[in-house]
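Dear colleague,

Please find below the structure that I am handing over to you. My notes on it follow directly after.

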Amino acid sequence: MKIREVRTHVLRHELPEAEVFGSSKGWHAARQALLVEIVTDDGLSGFGEAYGPPAVNRTLVDELYTPRLIGRDAFEHAVIWEDLFGTFRDYGRKGWAVAAISAIDIALWDLKGQALRQPVWKLLGGAFRREVQAYATGLYRHRVADNARALAREAEGYAAEGFRAMKMKVGFGLDEDVRNVRAVREAIGPDRLLAMDANHAYDAGQAIRLGRKVEAYDLAWFEEPVVPEDVDGYCQVRAALRIPIAGGETEYARWGFRELCARRAVDIVQPDICGCGGFTEAWRIAALASASGVTVYPHVWATAVGFFASLHLTAALPPNPPAMLPSEPLFELDRTPNPLREQLAQNPPKRAGDVLEVPAGPGLGLEIDRRVLARYRA
């Protein structure tokens, strides 16, 4: 099964003003992505997705990676991964370079599953679970007079849908963060899980102050309290708080996760399959985390392609630690407006409340709607 063609699709959707939302990194006014489609000589087509702004990723795939892919055996995903990373490692050990490899790798696994008529989770060794519990990611900042009240109403809506866990954004100043956390906790009651994500808005001292102010609200984890480069800061925050610490969505490849795990800088590591290196590397990162006693909850911020891929990865993750009644991984379900996630799949995964069914079709099990692909092509 030889690679005949590599196609790149830059997708973009401008959000209406009423749907614009904000995190500590700024306002999100558009949803965009790069999809990579690999076509083989026997007519199969596999899709992958790259994390991050798509223009640079597209250039990397088109100009640097595609010439090294044409004519290769699509089954040799590990050989291809090492070739792409090793050839350009002097310039691309993190960031866009690895995100672009991620899209290629996901597409290769999709192709392999289709060729063997097996879902990716089976190729990874089997599914420990065929359904996953999702937590609602939402509760961003909005352009309203009273964010705390708006967040409380939004959280009540997720609870009414059946979500037993949700994650909210912080990073807007300690006083406002505390007010918002209090409002959401009071709205959903004491029995639902609530996590908070600062998107690395604070230094270690500020993160510790915030954590101590909200510890009484029983938070499931504190995500990205400091910038990803500051592993010492992660360790400082984790040592000072009773709240579990999470991070890793902006780390890349196994080397980026090695120190986080070895130093126990986090309790929960969050590789994004569209950024960390695809299935090939996410599986290595999961093994590294398991050996270090660190929990894996994949980060999911994607179109339907990354969404499906993340479901396969989550299904195949072994319980950590193993037990008669193991703690199951939580799956991140982005609830912000994104037609690239909601419309691109002709066969979206079934959801009942906060429980998602893992796709069973060959490869990713994703049936792309080509009309939607054309509609949002930038």
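Which residue is the bridge partner of Ile38 in S5? The partner is Gly46. Please note that the model is a predicted one.

The bridge belongs to the pairing of strand S4 (residues 30-40) with S5, which is antiparallel and runs over 6 bridges. The two strands are part of an open, antiparallel sheet of 3 strands in the order S1-S4-S5. S1 and strand S5 (45-50) each have a single partner strand and stand at the edges, so one side of each lacks a neighbour in the sheet. From one strand to the next, the twist averages 25°. Helix H3 packs on this sheet and touches S1, S4 and S5, its direction making about 155° with that of S5.

Helix H2 (residues 77-87) has His77, Ile80, Trp81, Asp83, Leu84 and Phe85 as its buried residues. These pack against several elements, among them strand S1 (3-14), helix H3 (96-116) and helix H10 (278-292).

H10 itself has 15 residues and reaches 21 Å from its first C-alpha to its last, close to the 21 Å expected at 1.5 Å a residue. Its buried residues include Phe279, Glu281 and Ile285. Just after H10, Gly293 adopts a positive phi of about 75°.

Helix H11 (residues 304-316) has 13 residues, which should span 18 Å at 1.5 Å a residue; the end C-alpha atoms are 19 Å apart, in agreement. Because 13 of the 13 residues of H11 are buried, the helix is largely enclosed by the rest of the structure.

Turning to charged side chains, a search of the whole structure finds 30 salt bridges.

- Glu281 and Arg254 meet at 2.7 Å, N to O. The pair links distant parts of the chain, with Glu281 in helix H10 and Arg254 in helix H9, 27 residues apart. Glu281 counts as buried at 0% relative accessibility, whereas Arg254 is partly exposed at 22%.
- Glu161 and Arg351 form a salt bridge at 3.2 Å, N to O. Glu161 lies in helix H5 (residues 147-161) and Arg351 in strand S14 (residues 351-352), 190 residues apart.
- Asp62 and Arg58 form a salt bridge, with their closest N and O atoms 3.8 Å apart. Both lie in helix H1, 4 residues apart, about one turn of the helix.
- Glu5, Arg7, Glu37 and Arg370 are linked in a network of salt bridges.

Yours sincerely

Note on methods:
Residues numbered from 1 in each chain as written. Predicted model: local features only at pLDDT ≥ 70, side-chain atom pairs only at ≥ 80, totals over all residues. Heavy atoms only, no water. Expected span 1.5 Å × (residues − 1). Buried < 20%, exposed > 50% of the residue type's maximum accessible area, 1.4 Å probe, protein only. Contact = heavy atoms within 4.5 Å. Pairing = 2+ DSSP bridges. Axes fitted to C-alpha atoms, helices over the stretch in contact; angles between N-to-C directions. Salt bridge = Lys/Arg side-chain N within 4 Å of Asp/Glu carboxyl O.
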